[in-house]
Amino acid sequence: MVRPKTEEEIELLRYNGKLVSMALAEVGKHIAPGVTTKELDRVAETFIRDNGAIPNFLGYGGFPASICSSVNDVVVHGIPSNYVLKEGDIVSVDLGTIYKGYNGDSAYTFPVGEVDEQTRKLLDVTKESLYKGIEAAIAGNRTGDIGHAVQSYAESFGFGVVRELEGHGIGKNMHERPGVPNYGRRGHGVKLEDGMTICIEPMITAGNRAVYVAKNGWDIYTADHKNAAHYELTVVVRKGQAELLSSFEFIENNSSIKF
């Protein structure tokens, strides 16, 4: 059984959701040709700690940084390094927080300068597939309904849907049950209940959906080395319509970063 969260717990998750949303926006301000992914990690950690929280990725399972920075054909779990971002790159930034014992988690794929038309399409379709999944995250549905919504939309454009990785529940732990795959069949999987808190995170490839893990044990690459995109939001399952706990508004609407 997956226990729905109380409204008090959801409020703490909402605070973390807002904080990760703002942290991603802060990182986004620094993304430009000539910047290293290690510098993006420094920006994120400083922002998170300055706002009274802890970066939950740092040390998680031995991960050595506060963000995952996954460039081009790295799908997820990229380790920040001295890699210098170039015009036309894309970089997925995934980060999380711990505040008052609860977690936040969100991701966004940023273009570096101008990107080509096919890459822009990959970003747009991946993000829209996330929103399609969120539309299916309502009480009475199942995780397969979310996966089917993501998969059917992304594949209709000829893109690949990674199957080895999935979204997840979130609460006192960053990764909780249920798993939330990005593929599936309607009416299958764990039943969604009002108050369940989950992270939906499509990982979509420009080519074949096959992936492999690098020798460092973290970076996950597309097998054909074509680009991949990754977006993630935290939501509360509700009756009729899911409630967003994190959002991209600070990134996309130039919203002021303040509580």
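How many bridges join S14 to strand S15 (residues 243-244)? Two bridges do so, and the strands run antiparallel. The model under discussion is predicted, so local features are described at pLDDT of at least 70 and side-chain atom pairs at pLDDT 80 or more, while totals for chains, interfaces and linings use all residues. Residues are numbered from 1 along each chain as its sequence is written, and side-chain values use heavy atoms, with hydrogens and water left out. Strands (E, at least two residues) and helices (H or I, at least four) are DSSP runs numbered from the N terminus, and two strands are said to pair if DSSP finds at least two bridges between them.

An open sheet of three strands has the order S3-S12-S11, with antiparallel pairing. Its edge strands, each pairing on one side only, are S3 (74-76) and S11 (211-213). Neighbouring strands of this sheet are turned by 40° against each other on average, direction ignored; the axes are lines fitted to C-alpha atoms, for helices over the stretch in contact, and angles run from 0 to 180 degrees between N-to-C directions. Three bridges connect S11 with S12, and Tyr212 has Tyr221 in S12 as its bridge partner.

The interior may be approached through its nonpolar cores, each a set of buried Ala, Val, Leu, Ile, Met, Phe, Trp, Tyr and Cys residues joined through side-chain atoms within 4.5 Å. The largest has 56 residues, of which Ile31, Val93, Leu95 and Ile200 touch the most other members. Helix H1 (residues 7-29) gives the most to this core, with seven residues. A second, separate core of seven residues includes Val75, Val162, Ile220 and Ala228. Val93 is in contact (heavy atoms within 4.5 Å) with residues including Leu24, Val27, Ile31, Ile67 and Phe110, leaving aside its neighbours within four places in sequence.

His230, found in strand S13, counts as buried because its relative accessible area is 0%. Its side chain makes a polar contact with the side chain of Ser92 at 3.2 Å. Such a contact is a pair of N or O atoms within 3.5 Å; within protein, one must be able to donate a hydrogen and the other to accept it, and residues adjacent in sequence count only if both atoms are side-chain atoms. Not counting residues up to four places away in sequence, His230 touches Asp94, Tyr108, Thr126 and Glu201, among others.

H4 (residues 143-155) has 13 residues and reaches 18 Å from its first C-alpha to its last, close to the 18 Å expected at 1.5 Å a residue; the expected span is 1.5 Å times one less than the number of residues. Among the buried residues of H4 are Ile146, Ala149, Val150 and Ala154. H3, with 19 residues, reaches 27 Å, close to the expected 27 Å. Its buried residues include Leu122, Leu123, Thr126, Leu130 and Ile134. At the start of H3, a side-chain oxygen of Asp116 reaches to within 3.2 Å of the backbone nitrogen of Gln118.

Most residues other than glycine have a negative phi, and most peptide bonds are trans. Lys100, in the loop between S4 (90-99) and S5 (102-111), has a positive phi near 50° and counts as exposed because its relative accessibility is 61%. His225 has a positive phi of about 60° and lies in the loop between S12 (220-222) and S13 (228-230); at 42% relative accessibility, His225 counts as partly exposed. The peptide bond from Arg177 to Pro178 is cis, with omega near 5°, and Pro178 lies in S8 (residues 176-180).

Terms used: Buried means under 20% relative accessible area, exposed over 50%, partly exposed in between (1.4 Å probe, protein chains only).
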